[in-house]
Amino acid sequence: MIIRRSALVILMCLEIMLSAANLALVAFSRFRLEAGLPDYDGQMLVFFVITVAAAEVAVGLAIVVALFRSRRTIDVTTLTSMSH
Amino acid sequence: MGILDILIILPVLAAALIGFGAPARVTALATAGVNFLASLYLFFWCRGQVADSAGYFFRTSTPIAENPGINWALGVDGMALVLVLLTTVVTLAATLFTKGDAKHARLLFSSILLIAAGALGAFLSTDIFFFYAFHELALVPTFLGIGIAGHGDRKAAAWKITVYLGVGSMVLLIGLLGLVLHASGAGGVTFDMVELMAHGATLGGATQNWIFAGLFIGFGILVSLFPFHSWAAPAYASAPTPIAMMHAGVLKKFGLYGLLRLAVPLLPQASQGWAINLLLLLLLGNILWVGLITIAERSLDTMLANSSVMHMGYIFLGVACFNVVGSSGAVLLMFAHGISIALLFGLCGKLRDDVGTVRFDMLGGLGSVAPGFAFVFGLGAFASIGLPGFANFAGEVMVFLGSFKDFGGEIGRLQVTAMLAVWGIVISAVYALRAYRNIFQGEVSAASDSRVITKGWRFPSYLLIAALLIIGCFPNLFLNLLPSTDSAVPGSAATASQTSDHHGHDHDHDGH
Amino acid sequence: MSPALLLLLPLLSVVVIFFGTKWSGTLSALVSVASVAGSLGVTLALFSTDSSMVAMNWIALGDVLQVDIGLRWDRLARGMMFVVTLVGTLVHVFSLAYMREDEAKARYFGCLSLFMFSMTGIVLADNLVMMFIFWELVGVSSYLLIGHWFTKASAADAAKKAFITNRIGDFGFLIGILMLFGLTGTVSFTGLENWLAGGHAGASAGLLTAAALCLFCGAVGKSAQAPLHVWLPDAMEGPTPVSALIHAATMVAAGVFMLVRVGFLIEASETAGLVIAWVGGFTALLAALMATQQDDIKKILAYSTLSQLGYMVMVVGLGSGEAAMFHLYTHAFFKALLFLGAGAIIYACHHEQNIWKMGGLKTRMPITFAAFGIGTLALIAFPFTSGFFSKEAILDIALHENKLLFLIAAGVAFLTAFYMSRLLVVTFLGAPRSEHAGHAKEVSVIMFVPLLILAFLSVVAGYKPVAELLQAQLPDVHWNWFVFFVSLATMLAGAGLGFLRYLDKRSEPKVIPVLANKFYFDEAYGWAVRNLQDGLAWVVRGLDALFIDGLAVGGITRLTEGVGCLFRRVITGNLQAYSYLFGVGVFVLIYFTVFLR
Amino acid sequence: MPLPLFILFSALTLGFAVAVIANRNPVTAALCLVVSFVGLAALFIGLSAFFIGIVQILVYAGAVMVLFLFIIMLMDIEEEERKHFDRLRTAGGIAVGIGVAFLIGGVLWDFDYGKASLDDVPVQFEAAITLREADADSGIVRSANATAALREGRLKDVALVGEKLFNDYNLHLQMIAVLILIATIGVVTLGKKDSPAPDSGSSGGDKASES
Amino acid sequence: MPAYILELIVVGLGLILLLLESFLPRLGAKGLAAIGSVGLLVVLFLLPSVTGAPSESTGIIWKFYSADSLALFYKGLALITTILVLMMSVVYVPVMQRYLGTGGGVGEYLILPVFTCAGLMWMASANDLTSIFVSLEVVTIGFYIMVAYMRRNVGSLEAGVKYLILGAVSTGFLVYGIAFLFGVTGQTNLDVISTVLGLLEGQDKIILFSFALLLVAFGFKVAAVPFQMWVPDVYQGAPTPTAAFLSVGSKAAGFIVLSRIVDAFLGDHGVQTGDGSYQDQIQRVLLVVAGATILFGSLAAIPQTNFKRLMAYSSISHAGFILLALACAYPVRMDMASGEVVAFYLAAYLPMTMAAFFVLCIVRSSRGEEEISVLDGLGKRSPFLAFVLLVSVMGLAGIPLTVGFLGKLYVFQAALDQGHFVLLAIATLGAAAGFYYYFKVVRSMYWNAPSDQDAIAVGTGSRVLLALLAAAIIFLGLNQGIILGFLR
């Protein structure tokens with residue numbers, strides 16, 4: 001995420017981060033038994049994470065598109081119009 | 001709505017009125033006059049009263065918030081009364097000195113009134129919260145006044161004074177908060193001074209030290225104690241006349257009042273140990289170091305500014321004696337110095353407006369051009385260097401006597417400091433006379449012979465000189481208001497040793 | 001008719017002049033003369049009674065501090081008061097004429113009355129603080145009077161110099177008072193005396209000497225003794241009657257008066273007495289030497305006053321206040337006479353003060369010459385004049401107490417005779433050396449009447465009955481042939497030598513530079529003031545601006561500014577830099593929380 | 001879930017995740033991401049979270065990736081040219097990545113969760129059933145076939161998740177609904193094309209690109 | 001009636017507005033804003049009458065939704081902030097027009113705050129990890145859009161991208177933190193977690209790790225030092241109402257959740273006992289972050305010339321002060337718990353910042369750029385605006401008799417109480433620096449000559465609102481009983 005210059009790839013990396021978190025959640029929910037069954041609270045959160053990630057990507061792409069329209073580039077390093 | 005409330009609220013209302021377009025000078029004059037009369041009435045009324053247990057003549061208190069206990073408590077005792085009189089007199093003089101059609105007239109008059117209100121509020125309120133708040137209220141118009149209506153490099157000066165006093169009041173806030181928190185005893189956090197005074201002495205040594213350090217440095221900065229004095233000269237040099245008069249004359253006394261009222265009585269152990277040596281050293285710096293700087297000054301206003309910083313040294317000496325003679329001397333000196341420095345700044349302002357310059361090398365021989373003006377300035381100058389017959393001398397001599405009171409034969413640190421401080425009267429004589437010589441005597445210089453000093457300065461100067469003379473010749477008017485016995489005096493060694501039973505309540509164990 | 005009236009009269013006249021007759025010179029002159037004459041009358045009326053009362057309580061701080069304006073009317077005060085008021089009246093009358101055409105006459109007479117008020121205050125004071133108050137008031141009034149013609153730069157500087165030197169003296173005086181107050185807890189003379197009598201002297205001898213010396217330091221400032229004498233010659237800038245009143249009879253004598261007032265203290269510590277005596281002696285010698293080479297008539301008289309004062313201080317140091325006071329009375333008369341005479345001469349020669357431009361006035365101004373002659377004789381202790389008796393007493397005491405001082409005293413007597421005769425010869429005998437002197441004519445009646453009265457007094461004052469009348473306590477000195485012989489010999493030798501050397505010489509035969517410009521004292525002090533004080537002040541101002549202003553305050557602002565810019569540079573606006581810093585922040589935070597315990 | 005399979009799938013996920021970052025062409029990056037998600041879904045199923053595995057593939061691999069590809073096509077973004085391979089930034093990035101990984105490792109190193117592997121956390125079907133009978137009458141809606149499946153020893157994941165989701169977490173559903181509504185409004189407004197009005201600050205009034 | 005109904009009402013209001021906007025185009029921005037604020041006012045009045053969790057709390061909902069006094073207080077804050085933002089947006093519309101081109105979409109800009117307000121209210125009462133996450137996401141997504149709203153203004157888009165990417169990263173860390181916390185305790189409800197944490201021993205490392213991750217997420221939200229890089233750019237780029245909303249709304253919400261989490265972690269282990277337990281470590285971390293934030297915020301603000309960036313840095317330094325209050329968990333001598341001090345400071349912070357941004361809105365809409373120099377000679381041009389800005393700046397600087405001073409007073413008192421002297425020194429330095437850069441604004445208003453002479457038209461509505469805000473700053477400053485009353 002720090003390395004790449006294109007906004008799109010950065011969004012992809014974000015997806016990876018979130019899915020990694022999902023994996024951890026599912027793992028923990030599986031390993032913890034509650035009332036005999038795997039603890040579904042964790043999995044609830046996974047659902048919400050997935051929906052939120054989707055929404056985030058949608059909004060992200062919308063912004064990237066708008067950016068592309070007005071700046072012709074999605075290269076993150078050029079976004080330095082406001083400094084100091 | 002006691003007389004005390006009127007004293008404070010009236011100027012604020014007037015300032016607001018001026019803000020909204022009322023004729024500036026007339027309202028200001030009316031308010032200052034009413035305030036002056038009210039303070040006189042209060043003065044005579046209090047002389048008839050006997051002070052209640054904590055030394056107050058008259059106290060009102062309306063609670064604002066219960067925990068932490070903040071209440072709009074006003075109370076006046078000897079010391080506060082003297083300073084209230086000082087404030088009202090200087091305010092009246094400042095209003096009279098400012099011409100109605102001066103540039104930024106409205107701003108000047110409203111800031112005079114606001115500073116007066118702030119000072120009165122600070123002196124009268126016995127609640128630390130309002131004590132601090134009113135002082136800040138008084139500072140803001142000073143900054144704006146200097147910044148907008150000043151002259152010379154006013155921006156830089158205003159800038160420096162704002163940040164400097166800002167930091168000073170911040171440090172003071174920490175000290176006050178520490179004091180309130182640690183000294184408010186069982187009954188929950190309270191800002192009320194009288195109650196704090198009761199519990200004050202019982203604080204542990206360590207806590208006392210850092211609280212006293214906070215207060216000492218905070219008040220030191222506000223009063224331009226030696227290492228923190230560099231803001232005073234540029235500020236007063238570029239301040240408009242009324243603001244300089246009000247700030248040097250009145251606001252600077254806030255720090256000393258605070259020290260005498262809060263720091264010394266509440267923290268006897270701390271103020272006896274390391275603090276006293278530091279205080280002595282610093283006040284010597286004030287008198288000798290700043291004194292020498294005053295001699296090297298080349299223009300009247302910076303010289304006056306530095307001389308006011310130097311005279312602070314004497315008042316600190318009075319505080320440092322920790323006995324009734326010294327502290328009453330300090331109060332008297334506060335009053336006297338306030339009035340004399342206000343008079344001199346007023347005249348210096350008049351000089352700057354009419355003759356156009358206050359630099360020594362450009363002036364000369366004004367005595368023959370404006371004899372009356374020269375005479376009054378002479379009186380002011382002599383008063384400020386402590387000529388007997390004026391209140392300054394009465395204060396100074398009491399401070400010196402206080403520092404030598406029953407010193408038991410061997411010359412201690414206090415006595416050595418006092419001796420060096422006495423050399424200050426020579427230094428002040430040198431710079432005052434040198435100024436008088438350059439401006440009024442000798443052959444008439446080009447700048448001063450053409451212009452004639454316009455009128456308008458006579459009445460306020462006579463008012464101030466009369467005040468100085470009356471108190472100079474009859475200092476007892478004030479002295480019998482102040483606590484006269486050693487034990488009652490704030491912070492004297494006597495209080496620390498025996499229980500402060502003078503306050504007459506169930507203070508069971510000893511404070512030492 | 002209490003002594004308080006003495007204090008009130010001059011104050012009244014000051015107030016009347018200041019408020020009322022400011023605009024008319026003559027009226028204010030009359031008011032001030034009336035007031036001084038009035039106080040003379042009151043002094044005479046109260047001549048016999050002994051009383052002390054408290055006029056007003058100045059500072060009352062419960063039991064801790066009690067300072068009040070008290071009046072003590074005893075033998076010493078009566079004598080001094082008589083001298084002050086008498087000489088005061090004569091000077092007032094004299095200056096009526098002398099200042100007739102001066103434009104600021106009202107202010108002049110106002111200041112004169114202020115001076116009389118403060119002088120009376122010193123004489124009547126019954127405690128040290130009150131004395132200090134009037135001490136400073138006298139300083140101020142002398143400042144105003146010396147600087148009367150303040151448009152003249154030299155007069156203004158002289159006034160400033162006088163006041164500051166006095167102030168240095170007051171510095172010592174105040175410390176003395178403080179020490180005494182610290183020791184004894186009281187400031188009034190009676191209190192001090194009983195404290196001393198109460199046998200505490202042993203306990204703090206060292207401190208007592210120090211206090212006495214400090215008080216003496218005040219006297220040095222006021223009576224212009226050795227180190228602080230530089231202001232007196234310059235004080236001649238003021239009008240001559242002022243010099244006569246202040247720098248001959250009253251103000252400079254105040255120092256001696258104070259020493260006598262606290263005489264009991266000086267006895268208590270003999271080291272202090274010795275120091276005082278030596279300072280007195282040394283001043284007398286120094287002043288006499290300088291007087292021999294001066295050209296300005298008033299400066300010569302000023303130095304002679306200095307040397308006579310040296311005498312008085314020496315005698316006080318040696319322990320006998322009475323001799324000092326006796327000499328003070330006699331000296332007041334003939335010195336005032338000499339000054340007024342000089343004033344008349346100057347007035348006649350159109351404000352010419354240099355003796356080498358005068359000459360041959362014997363014939364032109366016979367009466368002044370006669371009065372001046374009598375004054376000179378009294379000064380050089382011509383036998384059976386008042387000066388002779390008082391100087392005799394001093395020499396006698398000096399002989400008993402300290403041989404070396406006796407020699408110095410004798411030397412001074414010789415020198416006094418020498419320069420006075422030089423003065424007399426050059427001004428009055430020989431041919432007039434300038435046309436001013438040429439057509440000088442006798443002064444008006446108002447001016448030479450006081451001269452005559454003083455002349456009469458300066459002869460008569462020495463004898464016992466008159467002295468008794470003047471309340472002077474005659475020192476119990478018995479006739480001593482050796483002393484008589486020594487003083488006679490020195491007097492004749494000095495006068496003769498002076499007469500021979502200066503008979504009709506056109507200019508100073510032999511100029512001794514060292515003496516001419518006053519042992520370079522002025523230059524030394526000027527250098528000291530310039531370099532030490534102003535230089536140090538300039539350095540301190542520089543340091544202050546550099547360190548406190550620049551370093552401390554400026555430093556902090558620059559530091560915060562710098563850090564602010566540093567932070568600002570971090571935020572470049574580049575997203576990747578942000579995410580990088582974000583990552584580093586995360587790393588640091590986690591590391592800190594989890595691992596650093 | 002046998003160990004070799006676990007290793008295969010985790011290697012698959014990690015490898016392709018690194019591939020996403022490594023290669024230049026966004027299209028290939030997107031495809032690698034798809035493969036990584038498939039690996040991840042397999043891991044989920046291994047953890048007997050069947051429903052989530054399926055959703056993972058459907059939502060992530062399907063919808064999100066398609067969206068990415070669509071956007072890439074729309075803006076025909078050329079390959080990121082290798083102008084200058086900024087050493088500092090990549091080095092920094094890698095360093096931070098490794099650092100955080102080390103930290104996580106350090107933390108997890110002595111984090112004994114008590115349960116070595118999956119099989120010592122068997123799903124106790126009997127306990128689950130008994131519990132469900134116990135509070136059967138307490139008015140909580142239970143899905144019938146979920147209980148039936150439990151009896152036969154099968155974990156009917158979808159029903160159980162549904163039951164929990166709509167029983168306990170309905171507040172969050174409402175929130176998620178609002179969230180998605182906001183997202184749609186946002187995308188619509190941001191995505192609006194506007195006629196060629198002169199926009200300030202950007203590179204002049206070129207006509208908007210038609211899609 | 002139960003508390004969660006409030007959020008539903010707000011969402012309903014949002015939907016109605018949406019419909020109105022599409023079907024009654026002539027209503028225009030002013031109409032929409034009017035209806036919106038009226039609706040929100042109604043909800044505000046309903047607020048006190050709402051009941052918390054019923055005693056028998058059978059309903060499962062109360063596991064996720066707490067309605068204690070603190071939550072209700074923050075809901076009030078959120079509502080007031082949104083109303084003010086709506087008003088501001090109305091004034092800001094002409095500027096928006098310039099950047100939205102003919103595509104329109106101004107209407108939505110007024111509706112989004114309503115939905116975000118619902119999100120904020122949910123956040124205020126979220127005491128369960130999942131509900132925290134979801135409500136946080138509702139708010140952040142709302143802000144992503146609002147920040148990047150002016151799609152034609154390059155600054156706004158840029159800010160949007162930055163905010164989105166860094167926001168997403170922080171959400172990633174949030175989920176990761178929640179995962180670990182869930183892993184350790186097995187619970188998602190904060191109160192249950194705090195009890196479980198008390199029992200666990202030996203797991204300190206993992207607990208601290210999860211707390212660190214959560215702190216990263218909320219550090220970003222609240223703009224604490226390691227994660228405050230985005231603040232200046234986003235505040236400058238985003239439209240002013242959004243910047244105001246961000247600085248007050250999201251910061252307040254971030255702080256309430258953070259204070260809830262810190263309470264959960266610290267449990268009743270208030271005073272720093274120094275026995276090396278993880279609670280001490282948490283407090284130490286908070287102190288360090290707070291100190292760094294105050295320092296950075298105040299020092300970096302000194303050389304600023306752009307008014308919005310100045311406000312950004314000042315919001316960082318204020319965040320530092322609040323973190324300091326948070327770090328002194330249970331002040332002994334004060335009867336106010338640290339949560340209440342935080343709430344009070346935020347309540348004090350609200351009117352001041354809002355007034356400042358509002359004035360900037362009005363000035364900017366007539367002049368264009370936002371440099372401090374735009375305020376030159378404001379004193380002469382429109383004395384009323386200048387006075388309001390003076391009062392708000394005095395409040396921000398903490399001059400006595402203003403509510404800002406009281407806020408700082410309590411923070412100082414709490415810090416003094418716990419004896420954190422180093423922090424006190426840093427706080428004093430921060431406050432003093434505050435004097436400096438706030439005075440710069442006053443200086444430019446009153447001392448510099450106005451660049452152009454035209455007086456600024458101030459609509460009656462905004463004039464009343466500004467007067468109200470200024471009065472609030474001073475009035476609340478005089479007697480703080482009011483805010484405390486609400487808090488109790």
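In which crossing, left-handed or right-handed, does α5(E) pass α6(E)? In this predicted model, α5(E) passes α6(E) in a left-handed crossing. The two elements involved are helix α5, residues 106–124 of chain E, and helix α6, residues 129–147 of chain E, whose axes lie 8 Å apart at an angle of about 155°. Because this angle is over 145 degrees, α5(E) is roughly antiparallel to α6(E). On the α5(E) side, the residues that meet α6(E) include Leu112(E), Phe115(E), Gly119(E), Leu120(E), Trp122(E) and Met123(E). Those contributed by α6(E) include Ser131(E), Ser135(E), Leu136(E), Val139(E), Gly142(E), Phe143(E) and Met146(E).

The largest nonpolar core comprises 726 residues, and Val256(C) and Ala336(C) have the most contacts inside it. Domain 1 (1–79) and domain 2 (120–192) of chain D both contribute residues to this core, which therefore lies between them. Around Val256(C), when residues up to four places away in sequence are not counted, the residues touched are Ala219(C), Ser223(C), Leu309(C), Met312(C), Val313(C), Val316(C), Ala324(C) and Leu328(C).

Chain A contains two helices and two strands, arranged along the sequence in the pattern α-β-β-α. Of the 84 residues in chain A, 73% are buried. Among contacts in chain A between residues at least 6 apart in sequence, 50% link residues that are at least 24 apart.

How values were computed:
Residues are numbered from 1 along each chain as its sequence is written. Chains are lettered from A and ligands numbered from 1 in the order in which they are written. This is a predicted model: local features need pLDDT of at least 70, side-chain atom pairs count only at pLDDT 80 or more; totals for chains, interfaces and linings use all residues. A nonpolar core is a set of buried Ala, Val, Leu, Ile, Met, Phe, Trp, Tyr and Cys residues joined through C-beta atoms within 7 Å. A residue is buried if 20 or more other C-beta atoms lie within 10 Å of its own, exposed if 12 or fewer, and partly exposed in between; C-beta atoms are placed from the backbone. Domain bounds come from an automatic or database domain assignment. Two residues are in contact if their C-beta atoms, placed from the backbone, lie within 7 Å. Helices (H or I, at least four residues) and strands (E, at least two) are DSSP runs, numbered from the N terminus. Axes are lines fitted to C-alpha atoms, for helices over the stretch in contact, and angles run from 0 to 180 degrees between N-to-C directions. Angles under 35 degrees count as roughly parallel, over 145 as roughly antiparallel, 65 to 115 as roughly perpendicular and the rest as oblique. A crossing is left-handed if the near helix is turned anticlockwise from the far one by less than a right angle, and right-handed if clockwise.
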